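Have the sequence and the 3D view open as you read.

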Amino acid sequence: MALYAIGDLHLSLTANKSMEVFGPVWENYHARIEEALGVLTEKDTLVLAGDTSWGIDLTEAEADFRFLDRFPGRKLLVKGNHDYWWVTAAKLHRFFEEKGIRTLDILHNNCALYGDWAICGTRGWFLEEDQKPHNAKVLNREVMRLETSLQAAGGRPILCFLHYPPLYQGYECPEILAMLEKYHVRACCYGHLHGPTIKRRMEGRRGETDFSLISADYLGFVPKKICD
Ligand SMILES: [Fe+2]
Ligand SMILES: [Fe+2]
C-alpha cells in the first residue's frame, strides 16, 4: 500500500493539445506516464494535483479519464487552472457512474482518508491570478475551499495537495500559508510549475510543513511516493 502524487499530466488523448510542442522533456509523455503508472496496485492511492486533462469538457476528457481508470488503485483529482472540464462534484460523480469509471474521485471541499492520514486539497492561489479582476473575492473563495477541506480532516494529520504553489521564488500567498499553519499541515505538494519556472520553486521545511513540487515534467513523469 502506497500513496503517490504527481501533478500536471496534461493528458491529451482526445483534445489534440499535446505537450510535445514544449520540447524534448515532454517527448512521448503519454507512453512514459503509462509505464510509470504500471507501479500502481489495488491498495494504492494516487493524487493528481491538477492540470490532469486538456479536455474542454467531460466528453473530451473521457479518454483521459479512461486511461487513468485502467490502472488499479484510487486516483484523487485536484483542480488545476487548465482543467476546463471540471464541473460540480455531483455532475462528475454521475458522469463517472454512467461511464463505469470506478477509480477516479475529486478532492474539492472534502478530504480523503489514507491510513491515519487525511488527504486534503484544492486549486490554491497564484501570482498570475492577482492580475485578474475581482481577485480578492476569488482568493477568499479559494481560501475557504482549502479550510473546508482541512476541517474535513477532523484533527487527523494532514497531507495537502494544491495545484498552485503557495510559495514561489519572489512570491508567497500569506492567506494560504496561514491556513497550512493553522491546521499543522505536515506536507504540502504542489504542481503548476513547468520548464524554466521549475527553478523558481521553493522546497523543504517551513514551520511544520514540508513543501515539494510534483509537476510531471519535474518528476520525469514518475509519481512521487509520499508514504507507505
Ligand atoms: Fe500545468
Ligand atoms: Fe497549471
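This is a predicted model: local features need pLDDT of at least 70, side-chain atom pairs count only at pLDDT 80 or more; totals for chains, interfaces and linings use all residues.

Residues are numbered from 1 along each chain as its sequence is written, while chains are lettered from A and ligands numbered from 1 in the order in which they are written.

Back to α4, which covers residues 135-152. Helices (H or I, at least four residues) and strands (E, at least two) are DSSP runs, numbered from the N terminus. This helix has 18 residues and reaches 26 Å from its first C-alpha to its last, close to the 26 Å expected at 1.5 Å a residue; the expected span is 1.5 Å times one less than the number of residues. Which residues of α4 are buried? They are Glu-142, Leu-146, Ser-149 and Leu-150. An α-helix has 3.6 residues a turn, so residues three or four places apart point the same way. The cover over the buried residues of α4 includes β5, β6, β7 and α5. After the helix comes Gly-154, with a positive phi near 60 degrees.

## The covered strand

Now look at β6, residues 117-122, where six of six residues are buried. Both of its faces are covered: Trp-117, Ile-119 and Gly-121 are buried on one side, and Ala-118, Cys-120 and Thr-122 on the other.

| Partner of β6 | Sense | Bridges | A bridge pair |
|---|---|---|---|
| β5 (residues 111-114) | antiparallel | four | Ala-112 and Ile-119 |
| β7 (residues 158-162) | parallel | five | Gly-121 and Phe-161 |

The hairpin of β5 and β6 has two residues between the strands, and Gly-115 takes a positive phi near 55 degrees there.

Ile-119 also turns up in the largest nonpolar core, which has 64 residues. Such a core is a set of buried Ala, Val, Leu, Ile, Met, Phe, Trp, Tyr and Cys residues joined through C-beta atoms within 7 Å. Ala-5, Ala-49, Ile-119 and Phe-161 have the most contacts inside this core, and its largest share, five residues, comes from β7. In soluble globular proteins, nonpolar side chains tend to be buried together. Leaving aside neighbours within four places in sequence, Ile-119 is in contact (C-beta atoms, placed from the backbone, within 7 Å) with residues including Val-47, Leu-76, Leu-107 and Phe-161.

## Helix α5 and what follows

In α5 (174-182), the buried residues are Ile-176, Met-179 and Leu-180. They fall within an arc of 100 degrees seen down the axis, so they line one face of the helix. Pro-174 and Lys-182 are exposed on the face turned away from the buried side. The buried residues of α5 pack against α4, β7, β10 and β12.

Just after α5, His-184 has a positive phi of about 50 degrees. His-184 sits in the loop between α5 and β10 and is partly exposed, with 14 other C-beta atoms within 10 Å. Most residues other than glycine have a negative phi.

## Two aspartates in loops

Asp-51 also has a positive phi, near 50 degrees. It lies in the loop between β2 and α2 and is buried, with 24 other C-beta atoms within 10 Å. Asp-83 lies in the loop between β3 and α3 and counts as buried with 21 C-beta neighbours inside 10 Å. Among the contacts of Asp-83 are Gly-50 and Asp-51. The C-alpha atoms of Asp-83 and Gly-50 are separated by 7.1 Å, though the two residues are 33 apart along the chain.

## The whole chain

Stepping back, the protein chain has five helices and 13 strands, and 42% of its 228 residues count as buried.

Technical notes. A residue is buried if 20 or more other C-beta atoms lie within 10 Å of its own, exposed if 12 or fewer, and partly exposed in between; C-beta atoms are placed from the backbone. Two strands pair if DSSP finds at least two bridges between them. Two residues are in contact if their C-beta atoms, placed from the backbone, lie within 7 Å. The arc is that of the directions from the helix axis to the C-beta atoms.
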